[in-house]
Amino acid sequence: MRNARSFFAPLAIGAPDPVRAIPVTPSRMIHFFDPSNEKLRGKVPDMARSADILLGNLEDAVAADKKEAARAGLVEVGRTADLGGTPLWTRINALESPWALDDLVTLVTEIGDVLDVVMVPKVEGAEDIHYVDRLLAQLEARAGLSRPVLVHAILETAQGVANVEEIANASPRMQGISLGPADLAASRRMKTTRVGGGHPGYRVLADPGDERPSYQQDLWHYTVGRMVDACAAAGIFPYYGPFGDIKDEAGCEAQFRAAYLMGCVGAWSLHPVQIGIAKRVFSPDVEEVRFARRVLEAIPDGSGVHMLDGKMQDDATYKQARVLVDLAELLAKKDPELATAYGLS
């Protein structure tokens, strides 16, 4: 761990200065696409108009014989596609793979000026981030970039969860962390083959009586809570990862909503239908925003105790209201329909 005085010093001669604060932009969904697929590359401008973040995936779901094509396809997208201001991310291959080094070298030197974030899979400790951090600085210096590429870690192993606080604080480049439930389930030896979501066998049973109802529980509650705390403490952003059952829209919405209520700012979308679900879930409810604005009006300086509709409001509820209103105003700038609904147009 570097000392505090040198934490924000560039890690390579000629590299840009690290950021002091992570940019806050709409990020309700990180929409994945396979850049090896020429047909999908042609749809990138349309995807960029509907999604908050667009991510060219190079790792899982891209076959080994298509890795180089995916990397080249993402370079083509970065050079030619009109993204209309939508941030472009990538998920590189795992650091132990034979492709990760070429992923970073190629993408940073060829499209580093338009690549906002590199998502790193299976991060297990701060040392993984330190490796990527130094390499990115060297490549940025070589490419003459004026701003640093940020890093996003995926929490996919038991060791990664055990070290999540160190991961979150490992570098000024850290933008956020996503939950990767499928690989994490395998790492923990969990008895499920689902990609995210619940499981009908994970339940709590009511006490003995005439009837004993049971209720399905959330397999990911502990991990999401710990990830959210680590990110909040480090000043970065937590995301729920993939929900694999594309046809189960209700299940996807329920899982996304649980993550939203716990503090996640967004989730991954693997299909266009999940973009709509994420927009619906990770955009604050219109009535809640209206009430939050009333709280801010009643307590303009955040001090004192006031009553609204029979409910006590104080500095704590003022802070909650500030979170909702700030998010609504941010999303309204991108989404005209939300701006109208929130009364901000």
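I began with helix α3 and listed its buried residues: Lys67, Ala70, Arg71, Gly73, Leu74, Val75, Val77 and Gly78. Buried here means under 20% relative accessible area, exposed over 50%, and partly exposed in between, with a 1.4 Å probe and protein chains only. Helices (H or I, at least four residues) and strands (E, at least two) are DSSP runs, numbered from the N terminus.

The model is predicted: local features need pLDDT of at least 70, side-chain atom pairs count only at pLDDT 80 or more, and totals for chains, interfaces and linings use all residues. Residues are numbered from 1 along each chain as its sequence is written, and side-chain values use heavy atoms, with hydrogens and water left out.

**Helix α3, continued.** I looked up what the buried residues of α3 pack against: β1 (29-33), α1 (38-42), α2 (44-50), β2 (53-57), β3 (88-91) and α4 (100-111). Contact means heavy atoms within 4.5 Å. I then checked the length of α3, residues 67-80. The expected span is 1.5 Å times one less than the number of residues. For the 14 residues of α3 that gives 20 Å, and the end C-alpha atoms are 20 Å apart, which agrees.

**Asp52.** I found Asp52 in the loop between α2 and β2. Asp52 is buried, with a relative accessible area of 2%. Which side chain does the side chain of Asp52 make a polar contact with? The partner is Arg28, at 2.8 Å. A polar contact is a pair of N or O atoms within 3.5 Å; within protein, one must be able to donate a hydrogen and the other to accept it, and residues adjacent in sequence count only if both atoms are side-chain atoms. Not counting residues up to four places away in sequence, Asp52 touches Pro26, Ser27, Arg28, Met29, Thr86, Pro87 and Lys334.

**Ser171.** I placed Ser171 in the loop between α7 (164-168) and β6 (174-179). Ser171 is buried, at 5% relative accessible area. Leaving aside neighbours within four places in sequence, Ser171 is in contact with Phe7, Ile129 and Asp133. With Asp133 there is a side-chain polar contact of 2.9 Å.

**Positive phi.** Ala61 has a positive phi of about 80 degrees and lies in the loop between β2 and α3. Ala61 is exposed, with a relative accessible area of 76%. Arg189 has a positive phi of about 65 degrees and sits in the loop between α8 (181-188) and β7 (203-205). Arg189 counts as exposed at 65% relative accessibility.

**Gln255.** I found this residue in helix α10. Is Gln255 buried or exposed? Gln255 is buried, with a relative accessible area of 7%. Not counting residues up to four places away in sequence, Gln255 touches Gly197, Gly198, Asp218, Trp220, Tyr240 and Phe243.

**Helix α13.** I checked the span of α13, residues 315-332. At 1.5 Å a residue the 18 residues should span 26 Å; the end C-alpha atoms are 25 Å apart, which agrees. The buried residues of α13 are Thr317, Tyr318, Ala321, Val325, Ala328, Leu330, Leu331 and Ala332. I listed what covers them, including α11, α12 (286-298), β12 (311-313) and α14 (336-341).
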